Amino acid sequence: MSNIQINNVRKTYPGGIDAIRGITLDIADGEFCVLVGPSGCGKSTLLRMIAGLETITDGSVSIGDRVVNDLEPAERDIAMVFQNYALYPHMTVYGNMAYGLKNRGVPKDKIKVMVDEAAATLGLSEFLTRKPAQLSGGQRQRVAMGRAIVRQPQAFLFDEPLSNLDAKLRLKTRVEIRDLQQRLGTTSIYVTHDQMEAMTLADQLVVLNDGAVEQVGTPIDVYNRPASVFVAEFIGSPPMNLMPGEIDESGLVTPAGVVAAPAGVRHGAVTIGIRPEHLHPASDGPLRLKVRVVEHLGASANAHGTVPGHAVEMIASLTGADLPAKGETLGLTVAAENLHLFDPETGRRLH
Amino acid sequence: MVERRPFLTFIQHAVLILGAAMFVFPIYLAFVASTHTAAEVSGGVPLLPGAEMIRNYSLVLGEGISAAGAPPLWIMLMNSTIMALSITIGKIVISLLSAFAVVYFKFPFRMLAFWTIFVTLMLPVEVRILPTFEVVAQLGMLNSYAGLSIPLIASATATFLFRQFFMTVPDQLTEAARIDGAGPMKFFRDILLPLSRTNLAALFVILFIYGWNQYLWPLLVTTDESYYTIVMGIQRMANAGEETPQWHLIMATAILALLPPVVVILAMQRLFVRGLVEVEK
Ligand SMILES: Nc1ncnc2c1ncn2[C@@H]1O[C@H](COP(=O)(O)OP(=O)(O)OP(=O)(O)O)[C@@H](O)[C@H]1O
Ligand SMILES: [Mg+2]
């Protein structure tokens with residue numbers, strides 16, 4: 001069993017910077033957990049505390065059934081893949097993968113078997129005698145993965161492992177990582193600031209904001225029911241439309257028109273969130289959008305514009321052949337169940 | 001330099017050749033002088049090599065110039081080599097370790113330690129020569145290899161250099177090694193040392209030559225001929241009392257004294273050229 005429990009963990013850097021303000025998480029055995037959030041929100045700090053590279057100011061981290069707070073990284077039985085790979089430049093690929101095993105006193109012939117197996121898994125067999133400088137970026141990334149899997153640790157920790165790859169390779173490697181993790185069944189924590197990566201990889205998605213957890217859930221949960229304005233804006237592309245509104249007897253009053261309000265929401269001022277793909281064209285729809293730019297994406301198109309008479313920006317994701325032209329005013333409708341309402345003061349979800 | 005102008009190329013080469021010639025000329029003269037008889041040299045050094053080369057060199061190497069009051073050449077060469085190597089290796093070991101400590105370990109007064117080491121850079125042997133001599137004499141280290149080399153080791157010239165280099169080694173490499181279960185000394189041996197190879201080779205050359213060329217210090221601490229170094233030996237030959245200096249033999253000695261540093265440079269150059277070619281991305 002190698003579940004990971006993070007219990008009310010805090011991190012205060014010297015100088016009084018509160019990087020992590022009390023995080024509690026439970027990551028089940030074999031689960032792929034993705035930490036996502038904007039730059040500086042403390043993702044790397046949290047990961048590094050789990051790895052043992054950063055001291056834990058308060059709280060506890062357990063891997064399996066051991067509290068690891070005071071263990072050296074090597075004793076925690078984890079492997080980490082760094083953003084810049086951190087391969088040993090003077091060692092061959094084989095040497096890089098074997099180093100951790102060697103330090104653990106694994107016999108030479110066993111090391112060879114393990115490295116060969118890991119290399120075969122990752123398609124690195126033909127590169128074993130090369131130095132990192134003689135590899136492409138993608139191959140180096142795989143060596144970094146190889147160094148992690150060869151030890152068969154209890155957990156993998158990834159800190160933005162794909163951010164140095166080009167877009168196409170990133171996509172391919174993303175799938176490979178997910179596939180590998182599922183085959184090995186190793187508990188993994190993956191840090192990224194790319195919401196797309198987060199959505200596609202995660203079993204459990206953790207959205208962090210300023211050192212605290214904003215929302216935890218499956219990617220679909222987080223997408224369908226964002227717990228706050230912050231999550232609503234962060235997850236989803238193009239981002240959710242947000243506008244001020246008010247609920248009264250007539251329903252939900254938006255800058256663009258009045259629509260039916262979802263049931264069970266208190267009256268008063270609200271922040272309205274509507275995903276671009278939930279806006280559908282309807283000539284008599286209650287919402288109006290004056291189109292400024294139309295982006296064609298092939299399968300769909302994004303109409304960017306403003307609500308006439310208001311300074312509110314809106315994006316509608318449209319499918320179908322009948323696309324609006326620039327300057328046109330589009331009528332749009334949205335189903336009541338696709339409205340997200342947040343408290344304008346606290347930013348929390350209201351329903 | 002991508003410019004392709006024949007005239008410019010010509011000027012560049014002329015300047016380079018002239019510069020090189022200026023540096024090589026004294027050495028050439030020394031070599032020429034070492035291939036003539038004493039009589040031929042006494043009036044002024046001829047410009048072309050003479051026929052006495054083999055005789056002169058075998059004389060210097062075999063019997064030494066007893067008249068000049070210096071021990072046989074091979075003893076002086078050996079002494080110089082021992083002294084230069086001790087200084088080089090001693091300095092490198094000390095500076096590697098102290099730089100490692102200063103960069104990778106947090107201990108109280110860490111920066112004070114570093115600056116103390118650094119300050120020794122500003123106090124070369126010549127400046128602290130009297131107190132150093134006093135200490136060495138009281139410790140009974142006069143006329144010994146220890147006396148020749150230890151006081152010169154005790155200035156951490158290279159600590160600064162290694163500190164700067166270690167600080168350019170990415171933190172994540174250190175962290176990867178920690179996760180791979182390498183303790184501090186293992187990390188030092190398996191990662192830092194191999195990465196410092198180029199620096200080590202360059203420093204080895206510089207320090208070896210520094211040690212080899214020491215003159216004042218060996219002169220002070222050795223009175224026993226069997227500890228004379230080659231540089232002071234040459235000096236003694238040139239000031240050999242009443243007799244006229246035997247310039248042809250002195251020059252032969254000087255040429256021979258050049259050889260060990262040249263060998264060191266050539267050997268190390270292979271290492272640091274390889275280091276440079278294999279630049280890690
Ligand atoms: N060694 C340190 N000393 C002081 N403050 C630090 C240190 N490392 C990080 N911080 C601060 O802690 C906060 C979180 O940093 P962290 O590196 O975890 O961010 P991140 O979420 O990984 O961001 P990014 O996506 O840019 O990598 C930041 O405000 C940062 O300035
Ligand atoms: Mg980070």
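Predicted model: local features only at pLDDT ≥ 70, side-chain atom pairs only at ≥ 80, totals over all residues.

Visitor: Then let me start with the meeting of the two chains. How many residues of chain A are in contact with chain B?

Guide: On the chain A side there are 28 residues, and they are in contact with 20 residues of chain B.

Visitor: And how do I read the size of such an interface?

Guide: The size of an interface is often given as the accessible area lost when the parts come together. Here chain A and chain B bury about 2,100 Å² between them, and carbon and sulfur atoms account for 53% of it.

Visitor: What about charged pairs: how many salt bridges are there between chain A and chain B?

Guide: The count between these two chains is 3. A search of the whole structure, over all chains, gives 14. One pair to look for is Arg48(A) with Glu175(B), whose side chains meet at 2.8 Å, N to O.

Visitor: Which residue of chain A forms a salt bridge with Asp180(B)?

Guide: That is Arg151(A), and the closest N and O atoms of the pair are 3.0 Å apart. For polar contacts, the rule finds 13 residue pairs across the interface of chain A and chain B, with both residues at pLDDT 80 or more.

Visitor: Which elements of chain A give two or more residues to the side that touches chain B?

Guide: They are β6 (78-81), α2 (93-103) and α4 (137-149) of chain A. Of these, α2(A) gives the most, with 4 residues. Sorted by class, that side of chain A has 14 nonpolar, 7 polar and 7 charged residues.

Visitor: What area is buried between domain 1 and domain 2 of chain A?

Guide: About 610 Å² is buried between them, with 62% of it from carbon and sulfur atoms. The salt bridge count between these domains is 0, while the rule finds 2 residue pairs in polar contact across their interface, both residues being at pLDDT 80 or more.

Visitor: Finally, how do I set a database annotation beside the model?

Guide: Take the span from the record, then look at the fold over it. An unreviewed UniProt entry places "domain: ABC transporter" at residues 4-235 of chain A. In the model this span is 37% helix and 26% strand, and its end C-alpha atoms lie 25 Å apart.

Visitor: Which spans of chain B does UniProt annotate as "transmembrane region"?

Guide: The unreviewed entry lists several, including 82-105 and 247-268 of chain B. Residues 82-105 are 96% helix and 0% strand, with the end C-alpha atoms 33 Å apart. Residues 247-268 of chain B are 100% helix and 0% strand, and there the end C-alpha atoms lie 32 Å apart.

Methods. Residues numbered from 1 in each chain as written. Chains lettered and ligands numbered in written order. Heavy atoms only, no water. Contact = heavy atoms within 4.5 Å. Buried area = accessible area lost by both parts, 1.4 Å probe. Salt bridge = Lys/Arg side-chain N within 4 Å of Asp/Glu carboxyl O. Polar contact = N/O pair within 3.5 Å; in protein donor to acceptor, adjacent residues only side chain to side chain. Nonpolar A, V, L, I, M, F, W, Y, C, P; charged D, E, K, R; others polar. UniProt positions renumbered as here; feature names shortened; annotations may be inferred.
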